[in-house]
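The sequence and structure are shown first.

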Amino acid sequence: MKQPVSPEESNRKEAFGLWMSSPMPMVTLTKTFDITHVVKRSRQKGLSPNMLLCWCIGKAASLTKEFYTIPEKGKLFRYNSLAINVIVNNTKGGINSCDIPYSDELETFCAEYTRLTVAARTNCKSIFNEEHMIIGTSAMPATELDSVVNQYTEMFCNPMLLWGKFRKGWFRTTLPISFQFHHVQMDGGHAAQFLENLQQTISTL
């Protein structure tokens, strides 16, 4: 559910005043993650590593209250649930967007991830969910990437995580992930803690 929030009555009051009118309010942090456990779990259980990463992102974000409040069109809104957006290659050679509701239960999220991405791929239609705060993701596995800075548009203020090809070593697999967020939504400290929570979630998957 989505509810309007008065900036004056929120803990983002100062940030709203400083950054809401900024022409470039987005901040990007990049961190290299050890995703060895994700790769092992994927192989052991026959699960998509991208799906597992998306669940870990949702889990880490659910521990950070700032993810539930976001600026939209000059106003502040609060949600009580999260969803992970993924980009799907469809059967016509194009791409579609797909919003997958986050669940603390991995099995539930996996089932929804499979159901919705298959529907978007075969029907060649995007699936949007306006009742959840959306965390965007974009995987570009064709090449290794050190960092990604996404375009900024006033139409889209949601946080987003982007990554490239996994980096496989002798004993571990690593992956640089870029995290872009709106400064009204959170500060650098909140973002850094989220990235730490994400690594911990990945390591204990």
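## Helix packing

Angles between axes are classed as roughly parallel under 35 degrees, roughly antiparallel over 145, roughly perpendicular from 65 to 115, and oblique for the rest. The axes themselves are lines fitted to C-alpha atoms, for helices over the stretch in contact, and the angles run from 0 to 180 degrees between N-to-C directions. Helices (H or I, at least four residues) and strands (E, at least two) are DSSP runs, numbered from the N terminus.

The model is a predicted one, in which local features need pLDDT of at least 70 and side-chain atom pairs count only at pLDDT 80 or more, while totals for chains, interfaces and linings use all residues. Residues are numbered from 1 along each chain as its sequence is written, and side-chain values use heavy atoms, with hydrogens and water left out.

Helix 2 (residues 36-45) packs against helix 3 with their axes 9 Å apart and at an angle of about 130°; the two are therefore oblique to each other. Helix 3 also packs with helix 5 (residues 188-203): these axes come within 8 Å and cross at roughly 130°, so helix 3 and helix 5 are oblique to each other. The crossing of helix 2 and helix 3 is right-handed, and the crossing of helix 3 and helix 5 is right-handed. A crossing is right-handed if the near helix is turned clockwise from the far one by less than a right angle, and left-handed if anticlockwise.

Three strands form an open sheet in the order 1-4-3, with antiparallel pairing. Strand 1 (2-5) and strand 3 (69-72) are the edge strands, each pairing on one side only. From one strand to the next, the twist averages 40°. Two strands are taken to pair if DSSP finds at least two bridges between them.

Strand 1 pairs with strand 4 (residues 75-79) in the antiparallel sense over four bridges. Along this pairing, Lys2 stands opposite Tyr79 and Gln3 opposite Arg78. Strand 3 and strand 4 are likewise antiparallel, over four bridges, and Ile70 has Phe77 as its bridge partner in strand 4. The hairpin of strand 3 and strand 4 has two residues between the strands, and Lys73 takes a positive phi near 50° there.

## The largest pocket

A pocket is an open set of points on a 1 Å grid over the protein atoms alone, with protein on both sides within 12 Å along at least five of seven lines; a cavity is a set where a 1.4 Å probe fits but cannot get out, and lining residues have an atom within 4 Å of a point. Grid points are joined across faces, edges and corners, and a volume is the space filled by probe spheres set on the points.

The largest pocket has a volume of about 660 Å³. Its lining comprises 20 residues, with Phe128, Ile134, Met155, Phe156 and Asn158 nearest the centre. Strand 3, strand 5 (82-89) and strand 6 (95-101) are the elements that give two or more residues to this lining. By class, the lining has nine nonpolar, five polar and six charged residues, where Ala, Val, Leu, Ile, Met, Phe, Trp, Tyr, Cys and Pro count as nonpolar, Asp, Glu, Lys and Arg as charged, and the others, Gly among them, as polar.

## The second largest pocket

The second largest pocket has a volume of about 430 Å³. Of its 19 lining residues, Asn50, Ile87, Asn89, Ala139 and Pro141 lie nearest the centre. Helix 3 (49-62), strand 5, helix 4 (106-123) and strand 7 (133-139) each give two or more residues, and strand 5 gives the most, with four. The lining divides into 10 nonpolar, six polar and three charged residues.
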